Amino acid sequence: YRTFRSKSGKALEARVLNRIDDERYEVETPDGKTFTLNTSTLSERDAFYLDAWEPGGEIDFATASLAEVLEKLDYSKVSLSTSGEHLIAPVKVNGQAYKFVVAPGRNFSSLNPDAATALGLELSPGPLTINKPGGQSERANQGTADTFRVGEVDLGSATFIVYDVASFVRDAGKADGMIGGELIKKLNAVIDFGEKELFVRSSEE
């Protein structure tokens, strides 16, 4: 039996009997009563447990690693490197290999101008204004790549602010760009900062 908790903190001790559909599961309490649990009402940890549940193949969350849990959920793993305090992910833009800073706190993604030129991206004025020393500012260009791939996930087209990544993050090293929050969300990404691993999953699965 497992103690399931709702988002409001209410607890229910039960074991899983059956998966009804992608969100609903039939469970049984120690006194033999059966209930239906909906993952949308449960804590994130318990929702993960049910998503990964298989008859006879339950995950022990007390001992399972993050990688083991996410593998059950059809995520693929991408090993990351570091530059200063930043994690660096190998990516492919229009089939060409680059290194991007993983920056979930940024609401946009970027590509260095030299990389955009090499890829032959068509540029146009973007929505971002860059403040420069001396009180000056300039509007950054943007460009759209036909394909953007991380690990086993190909997002199709992706739009980047075309500007030097070092202007957005310190110690970017030789990074060619930056994966911001909007692309991280599309990748369904989970970041393990301790193990320097990025887990991604296609929304089509």
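A: Strand β10 (residues 123-131) and strand β11 (residues 137-145) run antiparallel and are joined by 6 bridges. The model is predicted, so to speak of local features pLDDT of at least 70 is needed, side-chain atom pairs count only at pLDDT 80 or more, and totals for chains, interfaces and linings use all residues. Residues are numbered from 1 along each chain as its sequence is written, and side-chain values use heavy atoms, with hydrogens and water left out.

Q: What counts as a strand, and when do two of them pair?
A: Strands (E, at least two residues) and helices (H or I, at least four) are DSSP runs numbered from the N terminus. Two strands pair if DSSP finds at least two bridges between them.

Q: Which residue in β11 stands opposite Ser124?
A: Gln142 in β11. Gln142 also has a bridge partner in β14, namely Ile161.

Q: How many bridges join β11 to β14?
A: 5 bridges, and β14 (residues 158-162) runs antiparallel to β11.

Q: What about the turn, which residue takes a positive phi in the hairpin of β10 and β11?
A: Gly134, with phi near 85 degrees; the hairpin has 5 residues between the strands.

Q: Change of topic. In what order do the strands of the 4-strand open sheet come?
A: The order is β1-β2-β3-β4, with antiparallel pairing. β1 (2-5) and β4 (34-38) each have a single partner strand, so one side of each is left without a neighbour in the sheet. On average, neighbouring strands here are turned by 60 degrees against each other, direction ignored. Angles run from 0 to 180 degrees between N-to-C directions, and axes are lines fitted to C-alpha atoms, for helices over the stretch in contact.

Q: How many bridges join β3 to β4?
A: 5, with β3 covering residues 24-28. One example is Tyr25, whose bridge partner in β4 is Leu37.

Q: Is Glu28 buried or exposed?
A: Glu28, in strand β3, is buried, with a relative accessible area of 17%. Buried means under 20% relative accessible area, exposed over 50%, and partly exposed in between (1.4 Å probe, protein chains only).

Q: What does the side chain of Glu28 make a polar contact with?
A: The side chain of Arg15, at 2.7 Å. A polar contact is a pair of N or O atoms within 3.5 Å; within protein, one must be able to donate a hydrogen and the other to accept it, and residues adjacent in sequence count only if both atoms are side-chain atoms. Not counting residues up to four places away in sequence, Glu28 touches several residues, among them Tyr1, Leu17 and Thr34. Contact means heavy atoms within 4.5 Å.

Q: Which strands does helix α1 lie across?
A: Helix α1 (residues 44-52) lies across β1, β2 (11-19), β3 and β4, at about 120 degrees to β1. Its buried residues include Asp46, Tyr49 and Leu50. The buried residues of α1 pack against those strands and also α2 (66-72).

Q: And the other open sheet, what order does that have, with its 3 strands?
A: β5-β17-β16, with antiparallel pairing. Neighbouring strands of this sheet are turned by 25 degrees against each other on average, direction ignored.

Q: Which residue stands opposite Ser76 in β17?
A: Val200. β5 and β17 (residues 197-200) are joined by 4 bridges.
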